[in-house]
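Hi,

Here is the structure I promised to pass on. Have a look at it first, and then read my notes below.

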Amino acid sequence: MTAASGPRARPGEERLLAVDAASEAVEELRLDELPRLVEPGDLLVVNDAATLPASLRGSARGEALEVRLLSERDDGAWDAVLFGAGDWRTPTELRPAPPALLAGEPVDLAAGLRAAVEGVSPLSPRLVSLRFESPRDALFAALYAAGRPVQYAHVRAPLDLRDVQTPFATRPWAAEMPSAGRPLTWELVARLRRGGVALAAVTHAAGLSATGDPVLDAALPLPERFDIPAATVSAVGAARRRGARVVAVGTTVVRALEGSAAANGGRIAGGRGTTELRLGPTTRRRVVDALLTGIHEPGTSHHALLGAFAPPPLADRALAVAEERGFLGHEFGDAMWISGAPAGGGRRRAAAVGEGVAA
Amino acid sequence: MVPAKEEVAMVIRGKGALVTGGGRGLGAALGRRLARSGARVVLVARTQGEVEAVAGAIRQEGGEAHALAADVGRGEDAARIAGVAQALVGPIDLLVHDAGTLGSVPLRLLLDTPDRDLETALAVNVLGPFRLSKLVAGAMALRGEGLVVHVTSDASVSAYPTWGAYGVSKAALDHLARIWAAELEGSGVRFLSVDPGEMDTRMHAEAVPDADRAMLADPDEMARRIVGLVARSESIPSGSRIELARLAEAA
């Protein structure tokens, strides 16, 4: 899969591969033809997490390192992944390993930030929790002054923080951009809404897509925190009642909604949670019927998740079509739509036009 | 109808408010009053010391306020302002574009105005609010509610000699609010332009050094009126331009 080499100049021109599990049809569209795939009454759920400037340069034990912040814990500590000397220009797997720090060791970071290692994961010495010395206000001011968006070698030019935000960016919870929402525009959202599609959001702390440590990479995605607003719980319930589909914009949204349902007896609950759910061909979806996502390479957790919507042979065939037609992968790439069998194993009623439609 | 203090607090309590130009004058007064009504306030200004002092004083009296040193006239600061603000107080429910510049002082006839002065006025007074609104209004539209306030001036409607750079930028800012309002009609996100009139502020002293201060409005009184408007903004058509001097003075 060819990776998109940077942000697109003209949103809406992305290509969209539409996969329908029922008919096994695979069709190529442009992203701005998305309204053809949805039906009046469908609910589109986006991830409104803004992307953090999560990458900080620093040093520990006199060695240069890079810290990529994953997520802030409720107690104020941060989960983070350490990388050795160098930067994003070198593929993560070729980067030198960071020093294996022990609990209590100090880390000096850009903008005068200092932190102490609070814990080290048994999975990998690269996965640590950090406690910053600065109070929260000063921490975020310094983070936004010295931090950079997490970036990988396939994008050559340094990314600006603005390049890695979706149109829905609200609270900065994501270590990497929840990229499925990136190609959407408000013009497209307005057209969807005029067509009777409802819109709701979750906040899901999208994590890193690579760590440089094969053991840790195999464990991705790590547990991620999410927040589901009460309005979204109502919107999902209303969509269910009218027999309409719940469409997740991005695998992070699937993870938040299905994670919440798995933890709450099959129904999503409002408020904050953390999910360790890993989705794949054996997953029984309870909430999400269809997915708008990027083009994901085999072997990634994102790709495995497609199996929850389409039988693996169909997902693989779709990917082969994308490959053959030169679709672009990664965060600035093209898009894929997969509608699966109705979530919860039920049969969908015909969509009720005009019911519960957002403005 | 001016809402009573308790009604104001009912609407504003717990809301995330982001106020630019919060280091002094109207912005600082607005930050104090919003915090007293229970808002979680982020104040932005260029001078760290000034904005820290305002936020510190608010916290001393029990309010929630965070200071952020940034320049709304710089494109690269916009994502930082929106990011830090939402990290600290969550989604922004109220965005007040109070930061403004005259271009340079003393004020000059257009024939004597360097291009740079108009560029500066447009960068701070128009582009700054545009960029920050873009980063906040989408999130508001997603939640189906939110209010953005543009602080404007009568120089946006009257052609005062020597106020060219400032007046042109404020006229653009007024129109920006109207276009935002038109585009977001029905989304729950509303825009208001508020003209506080001539106030006893440092900016006014720089523009009109020999003004009779007794004739100038108290920024704190204007802040009080703006908070009242925020509390009843649902009843005001989005895109409206409101002259605070015309509002009833009664509490």
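Residues are numbered from 1 along each chain as its sequence is written, while chains are lettered from A and ligands numbered from 1 in the order in which they are written. Keep in mind that this is a predicted model, where local features need pLDDT of at least 70, side-chain atom pairs count only at pLDDT 80 or more, and totals for chains, interfaces and linings use all residues; side-chain values use heavy atoms, with hydrogens and water left out.

Most residues other than glycine have a negative phi, and most peptide bonds are trans. In chain B, the bond from B:V105 to B:P106 is cis, with omega near -5 degrees, and B:P106 sits in the loop between β4 (94-97) and α5 of chain B. Chain A has a cis peptide bond too, joining A:L220 and A:P221 with omega about -10 degrees. A:P221 is in the loop between α3 (214-218) and β14 (224-228) of chain A. Then there's A:H330, not a glycine, yet with a positive phi of about 70 degrees; look for A:H330 in the loop between β18 (328-329) and β19 (335-339) of chain A.

Next, how do the two chains meet? In contact (heavy atoms within 4.5 Å) are 21 residues of chain A and 22 residues of chain B. Together the chains bury about 1,600 Å², 66% of it on carbon and sulfur atoms; buried area here is the accessible area (1.4 Å probe) that two parts lose on being put together, summed over both. A:D137, A:R162 and A:T170 supply 32% of the area that chain A buries against chain B, more than any other three residues. The count of salt bridges between the chains is zero, a salt bridge being a side-chain nitrogen of Lys or Arg within 4 Å of a carboxyl oxygen of Asp or Glu. On the side of chain A that touches chain B, the elements giving two or more residues are α1 (136-146), α2 (186-194) and β13 (198-204) of chain A. The largest share, six residues, comes from α1(A).

Last, a helix pair in chain B: the axes of α4 (residues 75-89) and α5 (residues 115-143) come within 8 Å and cross at roughly 35 degrees. Those axes are lines fitted to C-alpha atoms, for helices over the stretch in contact, with angles running from 0 to 180 degrees between N-to-C directions.

Cheers

How values were computed
Helices (H or I, at least four residues) and strands (E, at least two) are DSSP runs, numbered from the N terminus.
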